[in-house]
Amino acid sequence: GIPAMLRDAQVLPIWEGTTNVNALDVFRSVQRSGGKTLQVLLDDARTRLAKVAAALGADSAIDGVLWALAVCERFALAHIAASGAGAATGSILARDFAMLLGRSAVALLLLEHAAWEGATE
């Protein structure tokens, strides 16, 4: 009824906005650290992917995650430099950046599980 519609009209914009808020928070923390927080994450992910590659051999999924991490790194470095010049494009694209970073982390976890000795086919 109308009470539920009114409730949903007030709650849904907040619910849908949390992704953007989190994405901006991630991007701003990367900016504030000058990219150091992202570099720690990327170094860890690349080390873990090397272990997965040693266990599984060459794999296009590993290459895909490495590519995605490189895209995140290039994006962050470009927009950290641009933010000093007052550009706001990084904030506009923060959601895409955070989603790619998150999906890369999930893919890494799945690959690690696939390389785990106890994993079954």
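1. Basis. The model is predicted, with local features needing pLDDT of at least 70 and side-chain atom pairs pLDDT 80 or more, while totals for chains, interfaces and linings use all residues. Residues are numbered from 1 along each chain as its sequence is written, and side-chain values use heavy atoms, without hydrogens and water.

2. Buried means under 20% relative accessible area, exposed over 50%, and partly exposed in between, with a 1.4 Å probe and protein chains only.

3. V30. Leaving aside residues up to four places away in sequence, V30 is in contact (heavy atoms within 4.5 Å) with G35, T37, L38, A76, I80 and F97.

4. Helix α5. This helix has 22 residues and spans 31 Å from first to last C-alpha, close to the 32 Å expected at 1.5 Å a residue; the expected span is 1.5 Å times one less than the number of residues. Its buried residues are A94, F97, A98, L101, S104, L108 and L111. Seen down the axis of α5, they fall within an arc of 150° and so line one face of the helix, the arc being that of the directions from the axis to the C-beta atoms. D96, R103 and L110, on the other side of α5, are exposed.

5. Aromatic pairs. There are 3 aromatic pairs, counted where ring centres of Phe, Tyr and Trp (its six-membered ring) lie within 6.5 Å; planes under 30 degrees apart are stacked, over 60 edge-to-face and the rest tilted. F27 and F75 make a tilted pair, 5.7 Å centre to centre with 55° between the planes. F27 is in α1 and F75 in α3, so this pair ties together parts 48 residues apart in sequence. F27 is buried at 0% relative accessible area, and F75 is buried at 16%.

6. F27 and F97 form an edge-to-face pair, 5.8 Å centre to centre with 75° between the planes. This pair links α1 and α5 across 70 residues. F97 is buried at 3% relative accessibility. Ring pairs join F27, F75 and F97 into a cluster.

Technical notes: Helix = DSSP H or I, 4+ residues; strand = E, 2+ residues; numbered from the N terminus.
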